[in-house]
Every structure is written in structure tokens, then in C-alpha cells.
Amino acid sequence: MTNLIRSIFQDHPFHLVSPSPWPIFTSVSLLSLTLNGALSLHLFYNSYILFYIALSTVIVSMTLWFSDIVTEGTYLGNHTSAVQKGLNLGVILFIVSEALFFVAIFWAYFHSALTPTVELGAQWPPMGIEPVNPFELPLLNTVILLSSGATITYAHHSLIKGDRKGAIYGTIFTVMLALIFTLFQGIEYTVSSFTISDGVYGTCFFFGTGFHGFHVIIGTIFIAVGLWRIFAYHLTDHHHLGYESGILYWHFVDVVWLFLYLSMYYWGS
């Protein structure tokens, strides 16, 4: 009731967020997740149990936080055009920060690949490393991921045109393709002849592709939530900010994969 009265009488288009427990709860959960993850890697006794507990609390707190945001934007009408512009800017800055993280990964990779040291046998890939064939599973995964970019674009344009059925089918196909990509990535890791502990090549390869795989999982969750919101009639042809942000994130994931495929799979092999 207080929020409704404040939204009626406020003389500006911005949303003043009500006090919420979720930011501090999420922060504490993330801190616990990081600490116990590091302890687990160093084989501290039972630290992996606390790691999974912290992971669960992160998921629960973020889910409740995001549900509050959905309520604010869908039912309370707090996401005005001015608020949407600010949220769009926030998403863009977030994606820029993620892009710079991948720049650091590529920097580390090419630093070793362009001038391989004597310890690496003065060659790239290093001696004893049998790289993944870029024309087998990686090429298929490239086709799958680029196809998912096409299906989500179709779904987005269908939503804008008011074609609910096209938006639903396009989003479903995108989620299916994303799950298939993740499955094939896991199979590729299983049959790979080297691991992350096999020198700088293994470290850069698995960190780069694995971090991208983590982004694919996050993007899949974004798109799946958007699909649920389409089913629940939350999104309209002119008010679908969360869905649009997920699509922008997904296109970023597509572009990063192209650079990964060309550099680490094709050129690096």
C-alpha cells in the first residue's frame, strides 16, 4: 500500500527500491561460496558440503530477489521508460565487463601461443598435447550455437509483432539447442586427451571454454525464465526488458564462442 501511494504522488519517473534483505543475503552467500570453493580445491575436510550449501543459498536468494523484480515490473508498474533505460545501461555495462574478462583470457592464451617458450618445446600446441579436432564436435557445436542465436532472434521479433506462438516456439528451440550445446561440450571434455593440469595449453583451453560454458548455462537460465514469463503473459510487445536483456546476453555468448572456436580450436590446433 505504501509503494502504491508513493508511486501515485511521486514527481519523478524513477523507481525508489524498497528495503530488501536479498542483496546482503546474496552477498554473504557468495562470500561463503567463494571461500568454501577455495577450501574444497585444497581438500579441506568437509568443505565441499559447505560449498553446496552456499551454492543452494545463492540460488534461493537470487531467485527470490529476481521474483521481487518481476513483481515490481509486471504487477506494480515500477519499470517506467526511465527505469528501463537505466536497466538497459546496467545490462550493457555488465556485458562489457564480461567481455573484458574474456579479453584477459585471450591475452593469456596468445601470450603463450604466439611465442612459445623452450619449456613448451618452442611450439604450439606444446609437445605431448593432442589438440581437439576443430572439424568434429566443436564445428557441430558452432552450428548449434549460431542456430540458437537465429531462433531467439526469431522469437524476439515474433514477440514484438504480437505473435505469441512464434515467440514461444522460438524460445523453446533456443533452450533445446542450448542444452544440446552444453551436453556436447561435456562430452568433448570427457573424451579429450588432455586436462586442465596439462600446462599452459590445458589451463587456457579449459578455462576459456569452461568459462564460456558457464555463461551458456547462465544464458540458458535467462532464456528459460523468459519462456516461463511468456507463458504467464508477463511480457508484451513493448514491455519485455528482462527477456530482451537475456537475448542480448545470448548474442554476446555467440560472439565469444566464434572467437574461441577460431583461436583455440582452429588456429590453436
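With which side chain does the side chain of T142 make a polar contact? The partner is the side chain of W257, at 2.9 Å, a polar contact being a pair of N or O atoms within 3.5 Å, where within protein one atom must be able to donate a hydrogen and the other to accept it, and residues adjacent in sequence count only if both atoms are side-chain atoms. The structure is a predicted model, in which local features need pLDDT of at least 70 and side-chain atom pairs count only at pLDDT 80 or more, whereas totals for chains, interfaces and linings use all residues. Residues are numbered from 1 along each chain as its sequence is written, and side-chain values use heavy atoms, with hydrogens and water left out.

The protein contains eight helices and zero strands, and its pattern along the sequence is α-α-α-α-α-α-α-α. Helices (H or I, at least four residues) and strands (E, at least two) are DSSP runs, numbered from the N terminus. The C-alpha trace spans about 70 × 45 × 30 Å along its principal axes. Of the 269 residues, 36% are buried; buried denotes under 20% relative accessible area, exposed over 50%, and partly exposed the range in between, computed with a 1.4 Å probe on protein chains only. Among contacts (heavy atoms within 4.5 Å) with a separation of 6 or more, 75% are accounted for by residues 24 or more positions apart.

The domain assignment gives domain 1 (18-78) and domain 2 (81-265), with bounds that come from an automatic or database domain assignment. The C-alpha centres of domain 1 and domain 2 are 23 Å apart. Contact between them involves five residues of domain 1 and four residues of domain 2. The size of an interface is often given as the accessible area lost when the parts come together. Here domain 1 and domain 2 bury about 380 Å² between them, and 57% of this area is on carbon and sulfur atoms. V70, T74 and N78 supply 68% of the area that domain 1 buries against domain 2, more than any other three residues. Buried area is the accessible area (1.4 Å probe) that two parts lose on being put together, summed over both. Between domain 1 and domain 2 the count of salt bridges is zero, a salt bridge being a side-chain nitrogen of Lys or Arg within 4 Å of a carboxyl oxygen of Asp or Glu. Two residue pairs, both at pLDDT 80 or more, are in polar contact across the interface of domain 1 and domain 2.

Two helices were examined for span and burial. The end C-alpha atoms of α3 are 40 Å apart, which agrees with the 40 Å that its 28 residues should span at 1.5 Å a residue; the expected span is 1.5 Å times one less than the number of residues. Buried positions of α3 are S47, A54, V58, S61, V70, E72 and G73, and their cover includes α2 and α7. Helix α6 (residues 164-191) also has 28 residues, and the distance from its first C-alpha to its last is 41 Å, close to the expected 40 Å. The buried residues of α6 include G166, A167, G170, T174, L177, A178, F181 and Q185. Their cover includes α5 (137-160), α7 (199-231) and α8 (241-267). An α-helix has 3.6 residues a turn, so residues three or four places apart point the same way.

T142 belongs to helix α5 and counts as buried because its relative accessibility is 7%. Not counting residues up to four places away in sequence, T142 touches W257, L258 and Y261. S197 is in the loop between α6 and α7 and is exposed, with a relative accessible area of 61%. The side chains of S197 and T195 are joined by a polar contact of 2.9 Å.

Backbone geometry was also examined. Most residues other than glycine have a negative phi, and most peptide bonds are trans. W124 and P125 are joined by a cis peptide bond with omega about 0°, and P125 lies in the loop between α4 (81-114) and α5. N46, which is not a glycine, has a positive phi of about 60°. N46 lies in the loop between α2 (22-41) and α3 (47-74) and is partly exposed, with a relative accessible area of 30%. Y233 has a positive phi near 60°. The loop between α7 and α8 holds Y233, which is exposed at a relative accessible area of 63%.
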